[in-house]
Amino acid sequence: MESNQDEKQVNPMPYIGTKAPAFTAKTTQGDINFPSDYTGKWVILFSHPADFTPVCTTEFMKFAVMEDEFEALNCKLVGISIDGLFSHIAWLRTIQEKIDYKGMKNVEVKFPLIEDISMNVAKKYGMVQPEESETQAVRAVFFINPEGIVKAIIYYPQSLGRNFDEIKRALIALKTAEEFGVATPADWRPGEDVIVPPAGSCGVAKERMESKDELTCYDWFFCTKKLTKEAIDNALLKQ
Ligand code: BEZ
């Protein structure tokens, strides 16, 4: 069947490198002013399609169980869906009281879950993608730095539960890039070599190719260096 994409409303989305759109909202932990309440911290703002749905339930349990790991990286979690506050409260109570899933039970979700019946926030962040649903958000993940700048965005469809290992890996890689002025190669994990910025002149390119220490150059445009896990842990934890 042909899609009527042209007739559907297209919602804007923030771009990487831009200021996270501001809003005030009610949450399960009280009112918030976003992103100003989080100045000085990283934030993962993530949307889910609806309360009382199975994939979302597994994701909330996983985020709640990992919350301390994100906290140790100076990162706060903020969830959102196009549901009301009472639905959120009832769902989170059900999760804690009844759901026993893959060794996770009695899980208390302590991070805020935004009510967004009006879709005000979801639309500002391009979380409503009409080909997927006009009334429920997709699974979006926004990584926002301590200055309130969007540093990375991942979108998943409703049917695909997120990979939390990747979300944590991405946060560490983003922080490492900012802290050490490097880039991270495919599948990078802390402790593995990082990529130094490309040579900006012929002289630097030559120097790099001739350098015997510090750098490993695969070609003049592709050089890596060592960065220990300890150095990353020392720099990133609580920063
Ligand atoms: C879920 O979370 O299980 C779900 C939500 C919306 C569509 C499909 C699955």
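Which residue in β7 is the bridge partner of glycine 79? In this predicted model, the bridge partner of glycine 79 is leucine 113.

Strand β4, residues 75-81, pairs with β7 in the parallel sense, and 3 bridges connect the two. Both strands belong to an open sheet of 5 strands, ordered β7-β4-β3-β8-β9, in which the pairing is mixed. At the edges stand β7 (113-115) and β9 (150-156), each of which pairs on one side only. From one strand to the next, the twist averages 20°. Helix α1 packs on this sheet and touches β3 (42-47), β4, β7 and β8 (139-144). The direction of α1 makes an angle of about 160° with that of β4.

**The ligand site**

Helix α1, which spans residues 54-72, also takes part in the shell around the ligand, giving the most to it with 3 residues. The residues around the ligand are Pro49, Thr53, Pro54, Val55, Cys56, Arg139 and Gln158.

| Residue | Protein atom | Distance to a ligand oxygen atom |
|---|---|---|
| Threonine 53 | polar side-chain atom | 3.0 Å |
| Proline 54 | backbone N or O atom | 3.2 Å |
| Cysteine 56 | backbone N or O atom | 2.9 Å |

On its own, the ligand has 260 Å² of accessible area, and the protein covers 77% of this.

**Strands β10, β11 and β12**

Strand β12 (residues 222-225) pairs with both β10 and β11. With β10 (residues 194-195), β12 runs antiparallel and is joined by 2 bridges. Valine 194 stands opposite lysine 225 of β12. Strand β11, residues 215-219, is likewise antiparallel to β12, and 4 bridges join them. Which residue in β12 is the bridge partner of cysteine 217? The partner is cysteine 223. Strands β11 and β12 form a hairpin, with 2 residues between them.

**Summary**

Strand β12, for its part, runs antiparallel to β10 and forms a hairpin with β11.

Methods. Residues are numbered from 1 along each chain as its sequence is written. This is a predicted model: local features need pLDDT of at least 70, side-chain atom pairs count only at pLDDT 80 or more; totals for chains, interfaces and linings use all residues. Side-chain values use heavy atoms; hydrogens and water are left out. A residue is near a molecule or strand if one of its heavy atoms lies within 4 Å of it. A polar contact is a pair of N or O atoms within 3.5 Å; within protein, one must be able to donate a hydrogen and the other to accept it, and residues adjacent in sequence count only if both atoms are side-chain atoms. Accessible areas come from the Shrake-Rupley method with a 1.4 Å probe; for residues, only the protein chains shown count as cover. Two strands pair if DSSP finds at least two bridges between them. Axes are lines fitted to C-alpha atoms, for helices over the stretch in contact, and angles run from 0 to 180 degrees between N-to-C directions. Contact means heavy atoms within 4.5 Å.
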